[in-house]
Amino acid sequence: MAYKRQIDRLPIIPKDAKEFNVTCHYCIVGCGYKAYTWPANKQGGTAAGDNKFGTDLAKQQPAETDAWYAPSMYNIVSQNGKDVHIVIKPDKDCVVNSGLGSIRGARMAEMSYSQQRNTELQRLTDPMVWRYGQMQPTSWADALDLVARVTVAVINDMGEDGLFVSAFDHGGAGGGYENTWGTGKLYFGAMKVKNIRIHNRPAYNSEVHATRDMGVGELNNCYEDAELADTIVAVGTNALETQTNYFLNHWVPNLRGTSLDKKKAEFGSEPVEKGRIVIVDPRRTVTVNACEVEAGKENVMHLAINSGTDLSLFNAWMTYIADKGWVDKALIEASTTNFDAMKAANKTSLEDAAKITGLSVDEIRKSAEWIAQPKAGNARRRTMFAYEKGLIWGNDNYRTNGALVNVALATGNVGRPGGGCVRMGGHQEGYSRPSDAHVGRPAAYVDKLLMEGKGGIHHIWGCDHYKTTLNAFKFKQNYKKRTDMVKDAMMTASYGDRPAMVKAIVDAIKKGGLFAVDVDIVPTKIGEACHVWLPAATSGEANLTSMNGERRMRLTEKYMDPPGQAMPDSLIAARIANNMERVLREQGKNDVADKFKGFDWKTEEDAFMDGYHGHEKGGQFVTYERLRAMGTNGFQEPATDFKDGKIIGTKRLFADGKFGGKDGKAKFMETQWRGLQAAGKDDERKKFAFLINNGRANVIWQNAYLDQDNEFVMDRMPYPYIQMNPKDMDDLKLNAGDLVEVYNDNGSTQAMAYPTPTAKPKQTFMLFAYPTGVQGNVVSAGVNEFIIPNYKQTWGNIRKLSDAPEGARHLTFKSFDYTA
Amino acid sequence: MPRCDRMVDAGRRKFLGGAGFAAAGAAVSTIVPTQSKAAPAAARVDYPSNRLGNVSELKLNEPKNVAYPDDDAPGVLLKLGKKVPGGVGAGGDIVGFSTTCPHKGFPLSYNTADKTMNCPGHYSRFDCEAGGQQVWGQATQNLPQYVLRIDDKGDIYAEGVDELLYGRLSNVL
C-alpha cells in the first residue's frame, strides 16, 4: 500500500501568526514561500476573522486557492526555545512561482528538524569525534581544538598543499553568500589553498568556462524571457522535473499561448505567435511529453540525438544559419570578435552532422529554421537558449558550451527580450569569495590526488563524494583505506590526552593516512570515513541569502532554531579560523597567525556584511534590512542603486551590447568536433551494451540528503530507478522492480528496473547520486581539459541481482507521462 | 543520528504527531476566552458512513462519479478486476478515490487504458491499482483513498479517507 499520512485535519494559521520571507532552499528556481509560526498552544479558527487568510475555512476552497496547505507544509518546530506550529507554503505574490509549490519545495516544513513530530531526526545536533571506535558527541571547543591542531600540524609538515578541501560553491541550503564567503575567506584569504574542489566535481573550476571565456555570463536573461520567446531551445535540460516551477509558470504559458498579450505589449506591431520549442535530449523526458500536450506536437521538435553529439548539431546550426544570412550583422559588427574565424573553423554540413548525431538532415534544417528564420516582415526571431547538465556533464563540455553560445550570439539573442543563452542551473547561486586565481587552470584533480595518497587532512563542507563524484567506487575504496589508517591510530591513544592523540593522528598521516573533517547537516556517506563531524545549520535556521537562475536575490529569514548546537557554516569557518590562530600563536608563529584575523563574526549577518556587502558588485546597496523589505521578489543582481526604499536591480545582462570581454565585446569560439573527448569513453562505448545515462528525478532533491529520511519519498523511491526498454528487460528476464547490477570496468552499482516503453533499446537512464545505489560508481575518471567530469556518457552491462525486494513490491511502475 | 528503518509504522507515528495536536487545538477554538476548561474532542474527525452505490452498478473499469464525505468533495468508485490495495468486495477490486488533485486542486481524469488518474494542471498522475500512489507529479501526498465497506445487500459505503483532501483543512467540514 502506498504511504499515507492518515492526517485528516491540520491546525489553522491564526490571524496574528508571525510571517517570514522564505526562498525555497532546494533548486535554482528559488520559489518564493512564506513561513507562518504561532505558539503550540494556540490556533486559528475557520471563521474568516479567525485565520490568516481572512477566509471562511468551513467551506471547500477552489483549485489554486491560497487558503490551503498540505500536511507536508506543516510541522511543529522549536523557535527561540519554544515549540511553535509552522506552515511553510508557496507565496502567490512571488513572481517566480506565483503560488506554485513543487514536490520538493512543498515539503520544506516536513523536512525540518522536529523532535515534536519526529521529522529529520537524522540531523546532526552535536560535534562528533571518532572516540573509542565510534563517532561520539563532544563540545565545539573540543572538536575545533582537534581540527585546528591537526590542520596546523599538517600545514607545518606539508605546507598548505597538504590541506585538501571539498566545499559547496552555490546558494540555497548548504551554501549561500554568507557561507561561501566564510569558507572562502578561510581557504582563499587566510590561506591560499590550491587542492580544493566543488561539491559536484573533482576540481575547482567553472561548469561553464566557455561562455565566461566568450564574455557571456551564463545567467544573462530573466524568467519572463521564456514567456516572450518565439522559440525556446532546450539542450540537456529536463526542466519539468528539475526546474519545475520555472517550466510550469514561465515556459508553459508561452507554449499554451497564454502569454501572447504579454508579447504584444512588449513587441508592439512585431508578429507574434504562441511559442515553439526545440528539445535536444537523447531521452524522451516528461518535459517533451508536457510540451507536446501544451503546444501540440507540431510545435515541439524533440531532437533525440546520439548521446554526446550536441556539438556537431550546434556547429551545423551555426553553419546553416550563417549561410542563410540569418545572423544579426549589426550586433556581430559592433559587439563581437572572431566571427569569421569561428565560422570557418566550425563549418559543418547538415549531412555530416546528421551522420554524427543520428538525426535526419531535415530535422537539423527545420530546427535551424525555428531558431533563426526571420518572421513575417523580416523581423528577427526571438530565441531563448537554455542548457543544463545534459550539456554540462556531457561530452566535451568546453567546446559544446561555446558552440551553443556561438549560435545564440550570432542570432542576436543575448541581452534581448525573449532571448538569452543561459544555463538552467542546479542549486541556486550564492558565490562570494576572495580571488581563486592561485588555484590555476586547469585546477588540481583533487579526487585523483586523494586516491594517489596526496594530502594529510581533508575538510569537507556539504559534499558527499561517496554519492556524487565520478569514479566513486574506486574513490571510496581508496578513501576508506586512508581514513581507516587514522581511525586505527586514534584507537591507540586516550582521547583525553590531546598531545598523544594529535601525535597518533599525525604519525598515521605520515604513513599515508588521511584525517577527514566533515561539516554537514546530516550524517553523510563519506562521513562514515571521517573523524570529525561538525553540525551545520541550514536555511531557515539561520538567515541566508542566495540568487536564483535569473539572478534574483532574496533573504530567507531565520524562522526556527537549528538542531542542538548546530551553527551556520559561516560561523563554523570563523571558529576554525579563530582556533587555528590560537594554535599558531601558541606555537610562536605569529606572522602566520595574523592571517587568521578578521573572523570575529558573531552572526551570519556579520559574514554577509564582510563578504557580499563589502566585496560583491553592487553589494554596497544590499543589506539584510533592505532585503527583508524586498520580500520574496527581492531584486535581480547586480544591484545598481537604492532608491525610494528599494534596491534597484538588473533585469537582463548585456542589454546595452557591452559584453564581458576585456574589450567589452563577446568573442566567438572555434569549436571543432572531436568525437568522444574524455579518455577511454569511446572504448567503453564499444565494449559495453547499455548507455547508462543519468540525472535527477522530480521527487528527489540532489543526493537525497534530506529525502532519505522522508517517508513519502522513500516509499516511492526505495532504490534508484533505471529506466529500461521493455524488450531489453525481457532479454535479461527482468520484471519491474527487480534489482539489477550495473557494471563496467570502473565499478558496479545497483538499481531498480523501471520498464519504460519510450526508452530506446540499449539506452537506459538511472537516477544519480542516490544513497541506495550510487550511479557514480560506474562513471569513469575521464574529464575534459579543465577537469570537468563527463557523467552522462557512461556505458555498462546489466544483470539481475534479485527479484523486487519487499520495499519495491507495492510500487507503481507505470509511465511517468501524463495522459489527457 | 541515523535511525533504523521505521517505514512500517510511519503512518501511525505521523497520525499521533500531527492529528493529535490538531484535535486538541480544535477544541480550544470553540470556547469563549473566559472559560478555562476545554470540551473533550475526538482525536480524529468523525467520518460519516455514506452509501455511494451498489456493487451491481459498477462496471469493470468504468468510473462511477461519487462525492465523499460531502457533495463538495468529488470522487470516484472503480471496479478494477483484480485485487488491489484498499480494494473491497468479493474480488477485492473495488476502490474509491478523491478526484481532486492534492497538488493544486484541479479535477483528475481517469485513463482507462492504464488505470491512472491524471491532472491537466501540472501533469501529476496517480495509480488506482497501487493505493493512489503518485506515479509522477507535484503533489506531496498520494491520492486520498476511501475506506470502503460493502454490506450484505452489496451497498458500498465510504467511511473514511486516508489523506487530507485538497482545499479543506479538515476532511469533514
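**Exercise 1.** How many residues of chain A are in contact with how many residues of chain B?

*Solution.* A word on the ground rules: this is a predicted model, where local features need pLDDT of at least 70, side-chain atom pairs count only at pLDDT 80 or more, and totals for chains, interfaces and linings use all residues. Residues are numbered from 1 along each chain as its sequence is written, chains are lettered from A in the order in which they are written, and side-chain values use heavy atoms, with hydrogens and water left out.

Step 1: take contact as heavy atoms within 4.5 Å. Step 2: count each side, which gives 76 residues of chain A and 71 residues of chain B.

**Exercise 2.** Find the area that chain A and chain B bury between them.

*Solution.* Step 1: buried area is the accessible area (1.4 Å probe) that two parts lose on being put together, summed over both.

**Exercise 3.** Count the salt bridges between chain A and chain B.

*Solution.* Step 1: look for a side-chain nitrogen of Lys or Arg within 4 Å of a carboxyl oxygen of Asp or Glu. Step 2: the count is 5 salt bridges. Step 3: Asp8(A) pairs in this way with Arg44(B), the closest N and O atoms lying 2.8 Å apart.
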